[in-house]
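Okay, thanks everyone for coming. Let me put the model up and walk you through a few parts of it.

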Amino acid sequence: MNQDKRIRVLVAKPGLDGHDRGAKVIARALRDSGMEVIYTGIRQTPEQIVDAALQEDVDTILLSILSGAHGFLFPRIMELLKEKGLGDILVLGGGIIPEDDVPELKELGISEIFGPGMSSQTLINYIRENLSQG
Amino acid sequence: MEEDIEKIQEETKRWNKDCLGKHTFRKCETDWGLEIKPLYTVDDTKDINYLEDIGFPGEYPFTRAPHPSMYLGKLWTMRQYSGYGTADETNKRYKYLLQQGQTGLSVAFDLPTQIGYDSDHSLSQGEVGKVGVAVDSLADMETIFNGLPLDKLSTSMTINAPAAILLAMYLAVAEKQGIGTEKLNGTIQNDILKEYTVRGTYIFPVGPSLRLITDIFEYCSKHVPKWNTINIAGYHMREAGATAVQEIAFTFADAIEYVNAGIKAGLRVDDFAPRISWIFNTHNNFFEEIAKYRAARRLWAKIMKKRFGASDPRSWMFRFHTQTAGSALTAQQPLNNVVRVAFQTLAAVLGGAQSLASCSFDEALALPTEESVRLSLRTQQIIAHEIGVTDTVDPMGGSFYIESLTKKMEEKITDYIKRIDELGGAAAAIEKGYIQQEIQESAYRYQKEVESGKKVVVGMNSYQVEEPLPKGLLKVDTEVGAIQIKKLKELKTARDNQKVQSALLALRKTAEGYANLMPPIIEAVKAYATLGEICDVLREVFGEYEGTSVI
């Protein structure tokens, strides 16, 4: 991708979960690293998130969820992204997501799932590396 | 004595220079910027007047304890926060916990219940029964408390926006058990302001939400006199990143808003203030947590007496529940959390908690299993019975460091409350985003300190090991949603739908007017109107709160 263009990131909170300390901290850290960050706020439907991704023309979407509803919400978001022709956006997940569920989520096209204790630098590096390959 | 102080000051100077000064040592400070001295002496407590500032347990200003005999008279209530899946599964977990020696119940509801959606609502998909038990109607509450005598238990319910409805259901269950509501002991959280800032399960805008809260105050003061009608919460602010000082300050600011709302609604402060209770977060910094609770007791007593002119000593009394810090648990080497929880539980007890929930070691990964929740209950029992910390009241009182820290925290908290008063009170400060911004700043600073290694988190940023994936975690049955939807369908055919409709109409009329909302909510609940149906009526009349987020 064009090196001059700043990476645009959508940080999204799908479902009814109100825990957004992690999402906000990550959003700040990505912004401080030079990326353009849009935060959806809490309690977003899959449709709202995909619309925001389309309107904001983002390169990557970070989905944060701690309520355990990822099994329903993540597949729905991936399906809508494909429907809207946004299947090439880098999608990452974070929050409380049991290891057992990770393979299935990756099969849907979610590139990586990050758990508690991840450093923001790990995420920044991951996004930069994966977008430059794309 | 003055001569003594002068001599001690001189000696401290000498010791600092000639003794300590010859060694290299770490400089420490609190998360809220107070430099912690290497040594505290009587010089640090010389401005504290024992009788005025510390006093005796059970007497103003309650610094040492709210009750005179404290744990010598009655231990704290051991009350693990629990609930998941269906009402049946939750009923089983409660019976198990009580059998293991738990002394009170604390109900965790799932997110659809907390936001007033039935399990068959489109926004409930994937969320039913996940973070707590699913409640769609009185029928679910009957099952949750099946075989549990409500006159012999105290029950805390973490419910906010629809608190009036869940309370109404609890009252209806009691009636079915043949128990008068005047005998019921328990608590509803009923604290909407922190939902707007950090927790997110809001439904209605500020005005109608405060009306619901004051209607509950009024109704319970007459009909459910032993019920704690509000459990003002600092817990979630701390989880969101607030410092210990911010936790108390912002919670007290919210409390001041509620007390003002009650007075504005025409209630006498002493009619509802004695039923105010609290939930806070007991975090890692051991002495700071103990000082925090001592400072909070003293400051709340002063606020109630001086600011609000409350004259009933029970209005001055700060009684709190606490849970250990979920955000302090690590997903890495989860067994290390057993140790963290034990220290936090000990700090809560030394801080004088009335009710306590200890987290389980696996909670950074999943809801706790029977085995892990039993271990955290045992942690409380060991502290209660084996290590001697309950043998005298406020054993930390008089420590130079603790008393000095208590005073400094009280001052810092007071400064924050002044700032919020200047902004027009908590609701205005929330609307301006002030409280959210302050908490976010603290959260970001903490994260940077963890990532830079300035803050050591054992097993997470230091002392790491390669470890296998955790095994034996609790998994909520994915069928819960389908089970609830089936039960809802059956309910809607079995109940008297005409009765439901007229109850909902009566509720709407009351909502459009000014009368107390509790009676029509109780009628609707007894007719088996669902939580979602009742909330929808209120949504139509009151509108919905629009959340905003700034980063």
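I'll take a pocket, then a helix, then a strand.

Quick housekeeping: this is a predicted model, where local features need pLDDT of at least 70, side-chain atom pairs count only at pLDDT 80 or more, and totals for chains, interfaces and linings use all residues. Residues are numbered from 1 along each chain as its sequence is written, chains are lettered from A and ligands numbered from 1 in the order written, and side-chain values use heavy atoms, with hydrogens and water left out.

So, the second largest pocket. A pocket here is an open set of points on a 1 Å grid over the protein atoms alone, where a 1.4 Å probe fits, with protein on both sides within 12 Å along at least five of seven lines; lining residues have an atom within 4 Å of a point. This one is lined by 46 residues, and among those nearest its centre are Arg43(A) and Tyr202(B). α7(B) gives the most to the lining, five residues.

Just after α14(B), Gly352(B) takes a positive phi of about 90°.

Finally, β4(A): six of its six residues are buried, meaning under 20% relative accessible area with a 1.4 Å probe, protein chains only. Leu90(A), Leu92(A) and Gly94(A) point one way, and Val91(A), Gly93(A) and Gly95(A) the other. Strand β3(A) runs parallel to β4(A), joined by six bridges.

Note on methods. Helices (H or I, at least four residues) and strands (E, at least two) are DSSP runs, numbered from the N terminus. Buried means under 20% relative accessible area, exposed over 50%, partly exposed in between (1.4 Å probe, protein chains only). Two strands pair if DSSP finds at least two bridges between them.
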